[in-house]
Amino acid sequence: MSDTIEKVKCLIIGSGPAGYTAAIYAARANMKPVLYQGTQPGGQLTTTNEVENFPGYPDGITGPEMMMELQKQAERFETDVRHGWITKVDFSGDVHKVWVNDEKEIHCDTVIISTGASAKYLGLDSEQKYLKLGGGVSACAVCDGFFYRNQEVVIVGAGDSACEEAHYLSKLCKKVTMLVRRDEFRASKIMAARVQNTENIEILFNTETDEVLGDGQVVTGVRVFNNQTQEKHEIPATGFFVAIGHKPNTDIFKDFLDLDETGYIINVPGTSKTNIEGVFVSGDAADHVYRQAVTAAGTGCMAALDAERYLAAKDSSFEVSTSTYN
């Protein structure tokens, strides 16, 4: 083996709640985890201004602050947290090989994938502006809907998830305007009927977003256009929700791991195990249903425990640490 190749007992790819939780458990189990933060250190939560639904924070916390605290906790147990991202993997042999930044090669006994999923956005400059400012653009109604109680909001999307989020928002907001690009929903009939029968949801078919309007700090409305007549009008709103889907960050694994039709990693039910022994998955890279910080953290715990048991079964000198469960 070349001197330039590093040997690692447990490599964690990704630094959101799943990755850092996996690191905390792995480090306490003496697995000496190495964690690469990826292209977005801290994951999607770093774009969230307020997190009020994660247990243990009675007054809430910002997403970036929460990620910093999780990183400190992981480092307290001597997790080796590194900058950089994994650009290539080879899981074809007994040794799990990964490459960092297309240069450094690492051979791993176990790999925990916590690369998450990225929300899809429309790509408008105004949308991205208020998303970065934390001023009213969101891709998660469950996460952020609470902040728009008794206000008017706009949501874009036509699938089951969009209908579910619109219905959720309708319980909190004074009015929800739903923009559907075509003349019908893509959602199932039962989900479409649910929003159509909700009094404070207005559905605009054949309608697309022209621009997210604001005062430079927060969203104040949305300019839309009818894609049949090209007629434009403005909708007053303090929140703009995008529900057009997520893309799991799993492209580099597709030659080795089983993925579903949308790219999510398929795990053995009830575990974090993938189709490759010694490779585990946690967080939104495998979860297209819940996509919450607390569920991601839970699966990070599962992945570390599964990896620990895998190592113990493979090497009799490696003992499962009872402290892991405390």
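Trainee: Why is Asn227 called buried?

Mentor: Buried means under 20% relative accessible area, exposed means over 50%, and partly exposed is in between (1.4 Å probe, protein chains only). Asn227 has a relative accessible area of 18%, so it counts as buried. Before you go on: this is a predicted model, where local features need pLDDT of at least 70 and side-chain atom pairs count only at pLDDT 80 or more, while totals for chains, interfaces and linings use all residues. Residues are numbered from 1 along each chain as its sequence is written, and side-chain values use heavy atoms, with hydrogens and water left out.

Trainee: Where is Asn227 found?

Mentor: Asn227 is in the loop between strand E13 (219-226) and strand E14 (232-236). Helices (H or I, at least four residues) and strands (E, at least two) are DSSP runs, numbered from the N terminus.

Trainee: What makes the pairing of Asn227 and Glu208 a polar contact?

Mentor: The rule asks for a pair of N or O atoms within 3.5 Å; within protein, one must be able to donate a hydrogen and the other to accept it. The side chains of Asn227 and Glu208 are joined at 3.0 Å, which is within that cut-off.

Trainee: And how do you know that the contact of Asn227 and Gln228 counts?

Mentor: Residues adjacent in sequence count only if both atoms are side-chain atoms. Here a contact of 3.1 Å joins the two side chains, so Asn227 and Gln228 qualify.

Trainee: What makes Asp210 and Arg223 a salt bridge?

Mentor: A salt bridge needs a side-chain nitrogen of Lys or Arg within 4 Å of a carboxyl oxygen of Asp or Glu. Asp210 and Arg223 come in at 2.8 Å, N to O, so they pass. This pair links distant parts of the chain, with Asp210 in strand E12 (residues 207-214) and Arg223 in strand E13, 13 residues apart. In general, side chains of opposite charge can pair when their charged atoms come close.

Trainee: Why is Arg223 called partly exposed?

Mentor: Its relative accessible area is 22%, so Arg223 lands in the middle class. Arg223 also forms a salt bridge with Glu211, the closest N and O atoms being 2.5 Å apart. That pair, too, links distant parts of the chain: Glu211 in strand E12 and Arg223 in strand E13, twelve residues apart.

Trainee: How many salt bridges does the rule give?

Mentor: The count comes to nine. One of them joins the side chains of Asp80 and Arg82 at 2.9 Å, N to O.

Trainee: Are Asp80 and Arg82 buried or exposed, or in between?

Mentor: Asp80 has 32%, so it is partly exposed. Arg82 has 17%, so it is buried.
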